[in-house]
Amino acid sequence: MPSLLTISLVALGGAAGSVSRYLLGVWIQSVSQSLGFPFGTLAVNLVGCFVIGLLSQLTESRGVFTPETRGLVFIGFLGGFTTFSSFGNDTMNLFRAGQTVNALVNVGANVILGLAFVWLGRAVAFWIWR
């Protein structure tokens with residue numbers, strides 16, 4: 001059973017990640033001035049994928065995070081920050097609105113670019129901390 005400290009850290013990280021997701025997503029969507037494509041969600045997913053790639057590489061190569069810190073950052077903050085549930089909902093809404101091309105672009109961009117950004121984050125971490 002996880003300790004109360006670990007559970008509290010996950011909750012704290014989740015709250016911070018969720019607020020960060022909201023603020024960044026709203027800001028990017030506003031800057032893009034797009035009503036037909038969820039750029040805010042895409043940006044949050046890409047940032048989250050990059051950060052998890054970077055920190056995963058750092059953790060694997062340097063072992064710098066304690067289990068409590070991993071709970072705070074990976075499960076809590078990044079779990080609250082990344083938005084694949086929003087991604088699914090945005091995509092479904094695009095399909096339901098008859099915007100099939102935008103829905104398919106959204107799926108491709110999030111999946112392909114998300115994987116690319118995880119790889120990029122790991123590559124940057126490897127380059128920095130080699």
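Some ground rules before the rest. This is a predicted model, where local features need pLDDT of at least 70, side-chain atom pairs count only at pLDDT 80 or more, and totals for chains, interfaces and linings use all residues. Numbering starts from 1 along each chain as its sequence is written, and side-chain values use heavy atoms, with hydrogens and water left out.

The overall layout, then. The chain has 5 helices and 0 strands, where helices (H or I, at least four residues) and strands (E, at least two) are DSSP runs numbered from the N terminus. The C-alpha atoms fill a box of roughly 45 × 35 × 25 Å along the principal axes. Of the 130 residues, 35% are buried; buried means under 20% relative accessible area, exposed over 50%, and partly exposed in between, with a 1.4 Å probe and protein chains only. Among contacts (heavy atoms within 4.5 Å) between residues at least 6 apart in sequence, 71% join residues at least 24 apart.

Now α2, residues 39-62. Its 24 residues should span 34 Å at 1.5 Å a residue, and the end C-alpha atoms are 34 Å apart, so the two agree. The expected span is 1.5 Å times one less than the number of residues.

N45 is in α2 and is buried, because its relative accessible area is 1%. Setting aside neighbours within four places in sequence, N45 contacts T82, T83, F84, F87 and N110. F50, also placed in α2, has a relative accessible area of 25% and is therefore partly exposed. Not counting residues up to four places away in sequence, F50 touches F117, V118, L120, G121 and V124. F50 and R122 are 72 residues apart in sequence, yet 7.7 Å apart in space, C-alpha to C-alpha.

Next, the core. The largest nonpolar core has 8 residues: L54, L55, L58, F65, V73, F74, L78 and A125. Elements giving two or more residues to this core are α2 and α3 (67-81). A nonpolar core here is a set of buried Ala, Val, Leu, Ile, Met, Phe, Trp, Tyr and Cys residues joined through side-chain atoms within 4.5 Å. A125 contacts L54, Q57 and L58, leaving aside neighbours within four places in sequence.

Finally, α1, residues 4-32, where Y22 lies. Y22 counts as exposed because its relative accessibility is 55%.
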